[in-house]
Amino acid sequence: MRKPIVRLLGAGLGVALAATSQLSAQDRPLSADLAEVYRAGGLNAEEWAFFEDSAKAAFDAAGNLFVLDRAAGHIVVIDPQGKLVRTFGRTGQGPGEFTMVMDVVVWRDGRSGVSDLGHAAILIFTPDGAFERSVRMASGQGPAAMFTGARAGLKSDPLGNALIAPGPPAAMGRMAQLIGGALGEDVEVPDAGVDERGLERLGLDGDVVSATPILQGWRVPRGEAPELGVDDLADPSDFADGLMGDVRHLEPRFHWDPLPGGGIAYSDSSAYAVKLAGPEGEVIDVLTRPFSPEVVTERIREGTIAYTLRRMEEEFEKQSRDPELAGLLEGAASIMPGFMETMREQVAKQGFHHEVPVVRGVRATWDGSLWIQRRGEEAWDDAGPIDVFGVDREYVGTLAAGAPGMPVAFGPDGLVAYWEFDEMDMPMIVVKRLPAAIR
């Protein structure tokens, strides 16, 4: 294996050399001709496949695809031929029932875990869909516990009965304290070992999730967010400032995915530098290609703000059609009149990072190859070309932008899942098979 320092020296010889390398960089085109295996959903779908929204999906080692259907309040399991295996879960307040499901993860042996914000717990199910037990996300009780233990982007740990997830977002801790204050409760936010730009291993053996830090990614230095108090609810602008902090447009995001052997692949900067870490978080290699971040210009600023506002409007409209999320939005609006308009103003006044990040996505295939998505033509476009690195970490080639794009899920034997939309804009899950060269 080549040493990280060798690759980093090649990427760090100075701005002039980096610019020259970028101009001469050559992608090796890869075929995007993927064989379709099956599709489920759309306007004329069977009842079990009538999905109202695109959501999380994941494969098990048998090639079964687990699809979170939040509108129906259950998980759909589809076999490798596209036939229904079973549905499990249902809406309710009882053990194993769903109240506010946010995510689903699937271990290779077919066990699954459902993150339920209403229960503030991970609900664990056996391979045949029977409810096994729940593990609370935090030790506290009441509405504030929903936020103190909340995690986004959960993924199954290939090494065993655990999850891997980013640390708790600072905004969620501030929200928990604010809600606790409004209810007259003193909420203590646990001192997390990592923040949302780091990763933890979440053990599920006890009654409460046990969090063990794995690694902490780099963060753009910025000032502390102002303290939030109950009085800030009366001023949406102060609330938004306290909740968002000094977040800037085009800051490099934290992209990551577990590797089959237990390691982690992640990107935490503007550069094309994807770090490969062992199970305990130690960086053992870095993948690079000769692409450098672009300096942010006034045109980029204006275009990014317009794009972000457009996406925000689309997301508000989408969430308003979701009964669970619509209730949260209505609650926020009733507590803080003008909150939505304040969020739009926040986007317009938000600062900018000084350069445009190159990497926009990092995913590991079932066999351990890496798909690394670059930015598109515009600075705000996340759906650019995808570079493929094999299990030996050598560059294989590049898939053109949108052909076929990053899958929702990678499975065994080259299976991949995508969400597509029919002529009536109804979602359907489409499963295809990758050629051997890019698995």
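Q: Where does Ile-214 sit?
A: Ile-214 is in strand β13, residues 210-216. Helices (H or I, at least four residues) and strands (E, at least two) are DSSP runs, numbered from the N terminus.

Q: What kind of model is this, and what are the ground rules?
A: This is a predicted model: local features need pLDDT of at least 70, side-chain atom pairs count only at pLDDT 80 or more, and totals for chains, interfaces and linings use all residues. Residues are numbered from 1 along each chain as its sequence is written, and side-chain values use heavy atoms, with hydrogens and water left out.

Q: Back to Ile-214. Buried or exposed?
A: Ile-214 counts as buried, because its relative accessibility is 8%. The cut-offs: buried is under 20% relative accessible area, exposed is over 50%, partly exposed is in between (1.4 Å probe, protein chains only).

Q: What does Ile-214 touch?
A: Not counting residues up to four places away in sequence, Ile-214 touches Ile-164, Leu-199, Glu-200, Arg-201, Pro-279, Glu-280 and Gly-281. Contact means heavy atoms within 4.5 Å.

Q: And how far is Ile-214 from Ile-264?
A: Their C-alpha atoms are separated by 9.4 Å. Along the chain, Ile-214 and Ile-264 are 50 residues apart.

Q: Zoom out. How many helices and strands?
A: The chain has eight helices and 26 strands. It has 439 residues, of which 51% count as buried.

Q: How many salt bridges?
A: A search of the whole structure finds 26. The rule is a side-chain nitrogen of Lys or Arg within 4 Å of a carboxyl oxygen of Asp or Glu.

Q: Give me one. What does Asp-257 pair with?
A: Lys-155, at 2.8 Å, N to O. Asp-257 lies in strand β14 (residues 255-258) and Lys-155 in strand β10 (residues 155-156), so the pair ties together parts that are 102 residues apart in sequence. Asp-257 is buried, with a relative accessible area of 6%.

Q: Another one. What about Asp-382 and Arg-360?
A: Their side chains meet in a salt bridge at 2.7 Å, N to O. The pair links distant parts of the chain, 22 residues apart: Asp-382 is in the loop between β21 (370-374) and β22, Arg-360 in strand β20 (residues 359-364). Arg-360 is buried at 9% relative accessible area, while Asp-382 is partly exposed at 29%.

Q: Where does Arg-289 lie relative to Tyr-395?
A: Over the face of Tyr-395, at 4.1 Å from the ring centre. The charged end of Lys-432 sits over the ring of Tyr-418, 5.7 Å from its centre. The test wants NZ of Lys or CZ of Arg within 6 Å of the ring centre and within 35 degrees of the ring normal.

Q: Switching to ring pairs. How many aromatic pairs?
A: Nine. Rings of Phe, Tyr and Trp (its six-membered ring) pair if their centres lie within 6.5 Å; planes under 30 degrees apart count as stacked, over 60 as edge-to-face and the rest as tilted. Ring pairs link Phe-66, Phe-88, Phe-98, Phe-125 and Phe-131 into a cluster.

Q: What phi does Arg-393 have?
A: Positive, about 70 degrees, although Arg-393 is not a glycine. Arg-393 is in the loop between β22 (386-389) and β23, and counts as buried at 11% relative accessibility.

Q: And Asp-425, what phi there?
A: Also a positive phi, about 65 degrees, and Asp-425 is not a glycine. Asp-425 is in the loop between β25 (415-421) and β26 (427-433). Asp-425 counts as exposed, at 57% relative accessibility.

Q: Last one. Where is Glu-52?
A: In the loop between β1 (35-41) and β2 (57-59). Glu-52 is exposed, with a relative accessible area of 55%. Leaving aside neighbours within four places in sequence, Glu-52 is in contact with Ala-71 and Pro-427.
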